[in-house]
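Subject: Structure for you to look at

Hello,

Here is the structure I promised to pass on. Please open it first, then read my notes below.

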Amino acid sequence: MATDEMDLLGLKEYGVVTDRRKEVVIDYIQQHPERLCVVLDGLDEVSLEKQCSEYVKRVVRGQALQGVHVVVTSRPSEEVFALSTSYPFTRRLELVGFRPKDINEYVGKVLPQEFARRMLAAIAADAQLAGMMATPFFAASTCQLFASK
């Protein structure tokens, strides 16, 4: 490999992206699309139809960068569910966290009674906190933090 045709990791190391280096990356992607994984993280945080470029939409639909692996992550939402039925995803994996009754049970088990009562009142008063508590790791961390105060 010539010195100007470094591997993809070398581009980051040198920190300078020249037209030639862009060509090397594009050529590599075109020759080895199966080695590329595009991750679109947090789809629920944007509207794919309204806020993403046409190119990103084409990648997700499988119309651009054909042969690459596309991973889309999202919290459950109606828009994302509708999208998952209209785009050509080959697999759909849903990680189910705590449901409201699970959150209540978990908080009741890991916190002393008075702390649990106060924590559950805070969760009931804050929809965003309730949504975040559906993630077991976040629930455990929050309970630990709450108990340490």
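Predicted model: local features only at pLDDT ≥ 70, side-chain atom pairs only at ≥ 80, totals over all residues.

Start with helix H7. Its buried residues are Ala116, Met119 and Ile123. Buried means under 20% relative accessible area, exposed over 50%, and partly exposed in between (1.4 Å probe, protein chains only). Helices are DSSP runs of H or I, at least four residues long, numbered from the N terminus.

Residues are numbered from 1 along each chain as its sequence is written, and side-chain values use heavy atoms, with hydrogens and water left out.

Back to H7. What do its buried residues pack against? They pack against H6, helix H8 (127-132) and helix H9 (136-148); contact means heavy atoms within 4.5 Å. The face turned away from the buried side carries the exposed residues Ala124 and Ala125. H7 has 13 residues and reaches 18 Å from first C-alpha to last, close to the 18 Å expected at 1.5 Å a residue. The expected span is 1.5 Å times one less than the number of residues.

Next, the salt bridges. There are three in the structure. The rule is a side-chain nitrogen of Lys or Arg within 4 Å of a carboxyl oxygen of Asp or Glu.

- Glutamate 114 and arginine 117 meet at 2.5 Å, N to O. Both lie in H7 (residues 113-125), three residues apart, about one turn of the helix. Glutamate 114 is partly exposed, at 43%.
- Lysine 109 and glutamate 105 meet at 3.2 Å, N to O. They are four residues apart in helix H6 (residues 100-110), so about one helical turn separates them. Lysine 109 is exposed at 64%, and glutamate 105 is partly exposed at 44%.
- Lysine 101 pairs with aspartate 102, with the closest N and O atoms 3.8 Å apart. Lysine 101 is exposed, at 59%.

Last, the cysteines. A disulfide is a pair of cysteine sulfur atoms within 2.5 Å. By that rule the count is zero. Cysteine 37 is partly exposed, at 42%. Cysteine 143 is buried, at 2%.

Best wishes

Key. Helix = DSSP H or I, 4+ residues; strand = E, 2+ residues; numbered from the N terminus.
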